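Thanks for coming, everyone. Let me put the structure up, and then I'll walk through a few places in it.

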Amino acid sequence: MSAVLDHHAGHAHDHDHGPLKGWRRWVFATNHKDIGTMYLLFAFAMLMIGGILALCIRAELFKPGLQFFNPELFNSFTTMHGLIMVFGAIMPAFVGFANWMLPLQIGASDMAFARMNNFSFWLMIPAAAILAGSFFMPGGAPAAGWTLYAPLTLQMGPSMDAAIFAMHIMGASSIMGSINIIVTILNMRAPGMTLMKMPLFAWTWLITAYLLIAVMPVLAGAITMTLTDRHFGTSFFTPAGGGDPIMYQHIFWFFGHPEVYIMILPAFGIVSAIVPAFARKRLFGYTSMVYATASIAILSFIVWAHHMYATGMPVTGQLFFMYATMLIAVPTGVKIFNWIATMWRGSMTFETPMLWSVGFIFVFTMGGFTGLICSMAPVDINIQDTYYVVAHFHYVLVAGSLYALFAGVYYWGPKWTGVMYSETRGKIHFWWSLIAFNVTFFPMHFLGLAGMPRRYADYPMQFADFNALASVGAFAFGLAQVYFFVFVVVPMMRGQGPKAPQKPWEGAEGLEWEVPSPAPHHTFETPPRLDATATKVVG
Amino acid sequence: MSAATPHGATPYYFVPAPSSHPAMASLGLFFVVLGAGQWVNGHGWGAWSLLLGLAIWLRTLFVWFREAIHESETGLYSPRIDASFRWSMSWFIFSEVMFFAAFFGALYWARVHTLPMLGNLDHQLLWPDFQAVWPSQGGSTVSPAGTVEPFTIMGPWPIPTINTAILLTSGMTLTIAHHAMVAGERAKTIRWMWVTVALGVIFLGFQAYEYIHAYRDLNLKLSSGIYGSTFFMLTGFHGFHVFVGMLMLLVITLRLQKGHFTPERHFGFEGAAWYWHFVDVVWLGLYFLVYWL
Amino acid sequence: MALSAPWALLQPAHAAAAVQGLPGGPAVNQLDMHPPVTEIARQVHGLHWFVMIVCVVIFVAVFGVMFYSIIKHRKSVGAKSAHFHESVAVEIAWTLVPFLIVVVMGFAATKTVVAMKDTSNADLTIKTTGYQWKWGYDYLQGEGQGISFLSTLDLRQRQLSDAGTPEGDDYLLKVDNPLVVPVGKKVRIITTANDVIHSWMVPAFAVKQDAIPGFVRDTWFRADKTGDFYGQCVELCGKEHAYMPIHVKVLSAEDYSQWVDGKKKELAAKADDPKKTWKLDELVARGEKVYTANCAVCHKPDGKGAGPIKALDGSTVVLDGDKGKQIHVLLNGQNNGAMPAWKALSDTEIAAVITYTKNQWSNKTGQIVQPAEIVAARGK
Ligand code: HEA
Ligand code: HEA
Ligand code: CUA
Ligand SMILES: [Cu+2]
């Protein structure tokens, strides 16, 4: 495919034929694939750290009474687990996917701003270092929850400031990354790749990037106010000076709610690529999928106070936010239904990516339903800040975002590495994770209904059995990820395994399958000519 | 440096060669945030780390931009890249809008919800002496707990109004410069650009004076309760943006003097101008919401 | 059989100490919400079941279809893929139907939201203040007006937690002074806080209200049963967040009146005259009680503190000849409230506890702080 492997025009390289050698290749990278790889590895490392913190939490909660940690340290674990998973693992992982796949999928030579792209990545490193380093600061890591509610944050030690600055940096990284993604999608599509022919993954990322640009600066504002309240005498969140701690929550959740969709929309995109591929049938209702994604994004700006039912809003506020939140079930449902309609009368096979995707649809929907139950203000009054919420968001974040990420790794991994993973191992990883996941998080619904509060280092005896079960599940789930790393990721990275064909999946469509596996360092340096469906390169 | 383009042709989409700038800039910011976090907690070395980081960062940005300008001037940037720049600048400005939205939101919330609530009947339980008036009038009612020293508020007259006039004028002078640019009258462009930059500097001078006046004569400080908090954070961040915008315009002016840009292609100019107009619009919001209302 | 240490860690707790459900609190392995004790809680209970059933039905229907398809339309059974990929009609259908379902759900919840928020015409109004880490109750209006006390987790249970040897059905739920209310009366709870946000929750009443420093919020309940009901603080409020439970005792009208009488007498007897001059050992004895109830959680019974918590034993501030320093710390707090301000204690209590610390453990200063000195310090 000459158009694809065209190395001649338009490159500022003195050495057109391949990447730099050694560490320079990574540190100085301007290649979207290399940067994507770094993002993915970084995210995986963060998943490990966040996961180990989760296991510390689960170890402490294995039985009542304090076993290993004092309550303050426990709170730090919870806080850092949340922050690291959200900002360090899930978000960067999706950005890694965007980097790798978007240019390939839309037929672009690279991201729009290749150097800024690398800047976005390398900003994550100092941010993560400082965030993780805060454990070693006097007073320990921040322990105010990942939501960093004032005025508790005003009581924290110096590590709070470190965390605030680290989050500023991550915010800057996200904003630059998002600008890059939006511009790439809007401006660098190959001729013929109209917006409505774009793969859904590109669509979901376009909308996600928009959400990120809209809300990350708001988070920056909120934590900047925290910073000045802490050190420069302002009283944004101090009633004594006329401020309001609830104001923090409003600003935070104006960011925070869209943030959760930031973590799920790209997952929808990945699943929308995989389901048609293995059903060997075109995605059902492409147009409505696009509209549904956009609706979710728009609605996400007007539901934030469903996290604040217990703060004592006026009736009208509660009702408004309750209705608005419930509405989100509609576009999300459209997505679920479209996926199932795609499977309907297809010719399905269940390789690992498809397993994860079906698992995603099944388990994520459970999380969606518990979300809906949370959205009912009167019911939420009983379950807010209990383990029910913890169960809800792990169903959507782990069984949602993380499962989709796994699905994507299996689906596109052969394109990245040039080798096939072992199906057996993939399947073991899937079933093991699925079972362990549910053992971990399903009992938490009961704990929450029975009133066990979250962020508790110790709990009444009656909650003991379900907690023990959850802890056992958590370790099993963690071990499954070790298995994944050792027996799937490492072999693939080393290039062990059968050589992957250009298009390993019979039913897959899209430009990424028009280039060889592994994808060459440079692809689509001149825009490819596409067929009418914009899924094939012609000529 | 690596801009070895085949035969001087403009590539379809220029992808830069591997570069150390991003990593260096990150390293700089590492020292910045490391230092800042320590400094605010009273560790002197933090300030040095901060300065070191800033130095690394600024130097990196300088070489980075210089390189980009060089690429642009040597014709590596196709119209498609120009479009990328336009999109990216628009989205960047959108993100800035949202940053200010957080602080405007805080002002709105504090005035429309918090203040009346703290002064209502229920809250007499906690703050029996507090009277909810905005702007706070001094005396014991200045803050619920009476912890804030009395102060005088900053009215719209005269400095903020003068500053409004200055910024609006600068918007005009900038537009004149732009028209001159398009018409190919470089000397005129440069002249009006200098006027614009000067107006920016004068604005900042006035604002500095205003702050000194606030601290010295009005006892209005960052610590003056929610009024002081919102006042200084909003005007302060705005002032900072004026400063940055002014630097952008300055760089553009210097580049114009070096002969950069053509009447057809001058996005660097336009991007800076967009930014300046954005800063202008934010100011109008401030002028009405902070000073008048 | 005695298990060796590492395995003992792995043994689930209630196998060792057979735990019973706590009436009004959690039951062992409880699967549902608490049995409702108020009208609102009954509605909430019903709503929860209602939405859950709706969700389960949809779930079964949707995934019934999916699994049918997975079984029938797989390549290995010879399924050939169809070519349809669009249908405006079904898209509209599956947008509208869920929309109608959520409208019904929203409609069902509305009445309860409105009822929950209606705190007017209360028979009894109680102010509930969250402190790090205890609750304070002030009866503001209605029978019992004027009563006020603090409610703290049982110190022994706190120590059991540290020791990792929990026991008892009311583990972490037992307080020294429960909130007492009459049955069948509308009780309005006004929440506020002293330091950070806390949240006052009693699941059996379906009540949860954040307690926000500097602000007041309210909620209400009308218990239709006597008995003991338990809840916990549900907003992260610092290190002892897990250790500030709520215990509400609902009494019959007569018992409640009796309790009010008793409590009033008790308070009158306790109401110390801040002008009284005390002897050293009297103050120390009184101070020990105050210390155990308020300070021992952090500074530990032996005064040694832990981690970032300062030791009092041998502390320079405590030993200082200038008594004003320690008084200042107690009245105003320190380290941004990591050491909270204890203004809420009475003059006598503060004087007593300071005197106690100045003469306890290895601290043998012989100094004595009289309530009058606290009165004077507050005036400043
Ligand atoms: C990926 C992340 C993600 C996603 C996708 C969601 C999705 C949703 N969430 Fe969740 N949520 C979180 C992450 C997420 N959430 C997190 C992290 C928190 C806790 C934060 C913290 O406090 O730390 C939280 C907390 C949270 C709360 C606050 C709980 C509390 O603190 O008391 C609420 C309340 O309304 C809520 C609601 C919802 C709803 C209604 C959805 C909806 O989008 C779900 C929609 C999906 C479905 C409904 C299923 C599929 C639909 C159909 C099959 C159609 C038919 C269905 C019907 C007609 C019913 N979430
Ligand atoms: C964003 C994604 C995300 C992900 C993926 C996870 C993953 C997990 N989380 Fe979650 N969690 C959050 C986001 C996430 N979490 C958030 C936002 C909060 C709220 C924080 C707050 O309240 O402020 C929270 C809170 C939270 C709590 C409540 C804490 C509390 O309230 O005190 C618990 C408790 O069980 C928990 C458990 C787990 C577990 C067991 C996993 C597991 O899925 C993790 C599995 C992964 C691994 C285990 C790593 C891989 C393996 C290794 C590194 C090798 C070592 C392992 C072995 C040797 C076994 N999390
Ligand atoms: Cu008080 Cu949590
Ligand atoms: Cu939300």
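**A kinked helix, an iron site and the cores**

Start with α4(C), which has a kink of about 30° centred on A109(C). The bend at a residue is the angle between axes fitted to the seven residues ending there and the seven starting there. This is a predicted model, where local features need pLDDT of at least 70, side-chain atom pairs count only at pLDDT 80 or more, and totals for chains, interfaces and linings use all residues. Side-chain values use heavy atoms, without hydrogens or water, residues are numbered from 1 along each chain as written, and chains are lettered from A and ligands numbered from 1 in written order.

How far apart are the end C-alpha atoms of α4(C)? They are 42 Å apart; at 1.5 Å a residue, its 30 residues (88-117) should span 44 Å, so the two agree. Buried residues in α4(C) include W94(C), P98(C), M105(C) and A109(C). Buried means under 20% relative accessible area (1.4 Å probe, protein chains only).

Now the iron atom of ligand 2. H81(A) and H394(A) coordinate this iron through NE2, at 1.9 to 2.0 Å. Donors are N, O and S atoms within 2.8 Å of the metal. H81(A) sits in helix α3 of chain A and H394(A) in helix α15 of chain A, 313 residues apart. Both histidines are buried.

Last, the largest nonpolar core, with 381 residues. F87(A), F360(A), W200(C) and F205(C) touch the most other members. Such a core joins buried Ala, Val, Leu, Ile, Met, Phe, Trp, Tyr and Cys residues through side-chain atoms within 4.5 Å. Another core, of 23 residues, lies apart from it, with W342(C) among its members.

Definitions and conventions. Buried < 20%, exposed > 50% of the residue type's maximum accessible area, 1.4 Å probe, protein only. Donors = N, O, S within 2.8 Å, 3.2 Å for Na, K, Ca; no water. Helix = DSSP H or I, 4+ residues; strand = E, 2+ residues; numbered from the N terminus. Expected span 1.5 Å × (residues − 1).
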